[in-house]
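Colleague: I'm new to this one. Could you take me through it and tell me what the terms stand for as we go?

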Amino acid sequence: MGLRDAFGEALAAVGRAEAFARNAAEYARFGGLRVDEERSPYSVEHTGPALSLRRYFPDALPGTDQPSLLLVPPLMMMSEVYDVAPRSSSVRAVHELGVDVWVTDFGRPEEVEGGLDRGVTDHVLAVSDAIEHVRAATGRDVVIGGYSQGGMFCYQAAAYRRGDGIDSVIAFGAPVEFASMPIPMSVDTFTSIAKGLLDTGLVDKVSLPGWFNRSATRMLEPIRSLRFELAYIKQLHDRDKIEPGEQQRKFLAHDGWTAYSGPALRDLLEDVIVANRMLRGGLVIGDRTVSLADLDMPVLIVIGEIDKEGHPRSARPILRAAPRADIYQLDLHTGHFGIVAGSGARRNTWPRVADWIAWRAGRAALPEQIVPARERTTIAGWRPGEIASRFTATTDIGVEVVKTVWGAAAEAGDLAFSVLRDRVAGVPLINRIEALRPDTAVSLGLLLDEAAARDEDAPALLFEDRVLRRGAVKHRVDSIVKGLITLGVRPGDRVGVLMETRPTALCTVAAISRLGAAAVLLRPHGDPMRELRLGAVSVVIADPQRIPAERLADDVVWAVLGSDDADERAIPGYATDLERVDPDRVDEPAWYRADPTRATDLAFVMFAGRGDDVRVLEITNRRWALSALGTASAAGLGPDDTVYSVTPLHHSSALLMAVAGAVASGARLALATAPDVDTFWQEVRRYGATHVSYNWSSLREIATAPARPEEAHSPIRMFMGSGMPPNLWRRVAERFAPARVLEFYGSARGEAILANVSGERVGSVGRPVPGTARVKVAAFDPATGRLTFERDGFARECDPGEPGLLLARCAAVPGTPNVLRSVFTTEDAWQSTGDVFVKDAEGAYWYVESVDRLLNTPRGYLAPRRIAHTLQRIPSVDLATVFLAEGPAGAPTVVAAVTVQPGSDLSGWALSSALRRLPADHRPDIVRVVEDVPVPQWSRPVWDKVIAGGVGSAADGPRFERGEDGETYTAAKV
């Protein structure tokens, strides 16, 4: 190198040093180089509580026939993510391709009033509002697209609107299931961390500042971020080289980040991460429930193959969440930010988006890069080095989070003490119930009141897509209490409830409980006059459509309660309209104390049976509380679950299981609006039902109907109830796997509560739920229903496989009804359940029949249910019922009536094989195939209409008779 060259190089080095110093000073002062590039022009077309709606290029709008695209940004980032710089502007790229572009701007929450109080609902409703205004302005349905959490908002807004006004949805790197993210920890650990943050109570009070969100995102790829910064510094002397990308760099490094409000963070942790409601449904937006299963418009998911924040494994579960939607996929070799911003997005993303919009408008074919998502079988994976990098970054973030929480707790000692005090005061319900004493205060009204005190904004009741929060339920219950007081109801009175299943009915039952009275659940399809007398009712609260036109009993006070328009009611003159009572004008009498009842007080009166066989079931508060505990513990219910009750409120399986389990565990309770299959699956997905209650054959239509898209990947984890026939049990378990059946037994008398938690022995009710009464099966005389005693004067516990009377251990407390003392040992105390059971060699219990339903035949006492369940082990048999009929020469004949599955036949060989399981004297004489076995509202098959056909007729189908050998069944010749 010559002297001149060396001198020139030195001058160049000095020039680079001067440029570096000058640019570095500008960088230090302004956070980057000052670039005079203007962003794309827009006009604000609408403002709302949480957004400004921008329309880009208002002076160069396309023709009225041009399609529109509404873009939604994520939280933590400004809406300028779609317009970072002219060279990489998303809105400019789409506009140039002939699309009318709109953008929702949520602003900086830290700079606007109330911004840090916004939750996810506020943003979803804002997107819905924007959709409405775009459609009104353009006169056509709009394509909506969202980046990252903005895509999640689009999904939720589309589901909230049930597709109204929406042409299609585009989701750019939008997670649906965070549990599918390939993070270096188990799903349980991941959700436990989220639950821990929620339990601290700090989430609602602490918002994440923009700098924290920026830093946390960069720490997901710390090495790459560091290399980028070093490369930038090395080039800081060359302004011409770095200036084109400077606006994008500044956006990512400083300008583009906003605060993340505490309420929105809570919603993300609670609904998306812990409860996984994006996938399984049950999101609450405003006062409505939302499920992505309601999406039935086309959806395009844009996936970055090396995207870590919106990883393909977390974005593709939209296929499971929205089974009715046609879902397409566009794969791009880019990271999270590169999907929507940068030169790569301008070349690859936005032209394909414009093609999609043109295809939806019928102006072009679907581009070959966009394919049906269900045809994609490969998902981009993580390289081993990235796993290690992610683990290191996660560890660093975890350390910072611990430091932050610790520091906040130290600075807010009073708050931390308050949180700790509340958690200690909220003793788990299981401990409270295990310590129940006769004078313990416990009731439905009390537990609902306590739930409202813990969190009045938490959803409590779901019905007809509406959400009633705990505070609203408490207000409704207290208002009904005032109405009951005006009717003269006092503690200890028996108040009839004649209502269909709906929130007002449940609130009425809870109000009766809060007042200290007993609710008598009158069956809408039963015999009201008979039940009024059996229940010793003094006051009746009825639905407007259920109240009799004429008074049934002169000594009963009648009232109406419902949500119908009071001016249009046709209410009989003898009834009081409680909706006209102003609770604020009713003074509480001096005797009134909310929730005064104790464990041994009567809580509910229910009815079972039909006609002359109607039986009264009296339920104490303790018995109800034990059912609540048993259900909650055996079913594993928690606050993140939703119990969907398909049985009517007046049935014990609803009040003692679904309602009780939900209230005891803090789970949400959803009430079915109709028993049909369409409604069932719509509500299961919309409510995010994790547990579905049943009674006897109530799931029969659901299990036998043709398969539906909503069944796949449904949120149901468990079906819980009692009395399910074995063949239906198997069908439900096989069809809806991995959901399982949890069969319960709760005695009408005594405190026996058993559950088949494992679900392995189909037909068994399992074992006693821990913490509930001990049980034994004792030898008894079926003719009298009483125990038989040995020579020593004590009862005998039955051998395995031997039918006997189920007894429940109880405390020998004076006043306890039906107590048997000195049964197995001196001074022990037991209550008879009135039910026949068998205990097998493994210790599992099997319900045989109620003593009063045993059939007295010349061959001895038979159990109809045992025979019916044996018949229902035959694959072709659907329903079965067993009864006594008059046979030849007037002799009592045991008849079984069965229906068969569509397209199936019943053979004598199948009957003979199945019934050999029974002792010879328990086998029916005749088996008739009938067209139908009536199943009333409470879903238990009845036989009184079947018997009308007679045992010797061929009214319906084949008839099989037992042969002389006692075990062979052959078709009879008619």
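Colleague: Which residues have the most contacts inside the largest nonpolar core?

Modeller: They are L444, I541, F604, W624, L669 and M720, in a core of 73 residues. The biggest contribution to this core, 9 residues, comes from helix α23. One thing to keep in mind is that this is a predicted model, where local features need pLDDT of at least 70, side-chain atom pairs count only at pLDDT 80 or more, and totals for chains, interfaces and linings use all residues. Residues are numbered from 1 along each chain as its sequence is written, and side-chain values use heavy atoms, with hydrogens and water left out.

Colleague: What makes a set of residues a nonpolar core?

Modeller: The members are buried Ala, Val, Leu, Ile, Met, Phe, Trp, Tyr and Cys residues joined through side-chain atoms within 4.5 Å. Another core, of 61 residues, lies apart from the largest one, and L70, L265, I285 and I301 are among its members.

Colleague: What does M720 touch?

Modeller: Setting aside neighbours within four places in sequence, the contacts of M720 include M657, A658, Y694, L742 and F744. Contact here means heavy atoms within 4.5 Å.

Colleague: Why is R92 called partly exposed?

Modeller: R92 has a relative accessible area of 23%. Buried means under 20%, exposed over 50%, and partly exposed in between, with a 1.4 Å probe and protein chains only. So 23% puts R92 in the partly exposed class. R92 sits in helix α2 (residues 90-96), and helices are DSSP runs of H or I with at least four residues, while strands are E runs of at least two, both numbered from the N terminus. Leaving out residues up to four places away in sequence, R92 touches S40, P41, F57, P86 and R346. R346 is 254 residues away along the chain, with 9.2 Å between the two C-alpha atoms.

Colleague: How do you know that β9 is mostly covered?

Modeller: Strand β9 (residues 299-304) has 6 of its 6 residues buried. V299, I301 and I303 lie on one side and L300, V302 and G304 on the other, so both faces are covered.

Colleague: What makes β9 and β10 a pair?

Modeller: Two strands pair if DSSP finds at least two bridges between them. β9 and β10 (residues 327-332) have 6 bridges and run parallel, so they count as paired. I301 stands opposite Q329 in β10. Strand β6 (residues 166-172) is also parallel to β9, joined by 4 bridges, and V169 faces V299 there.
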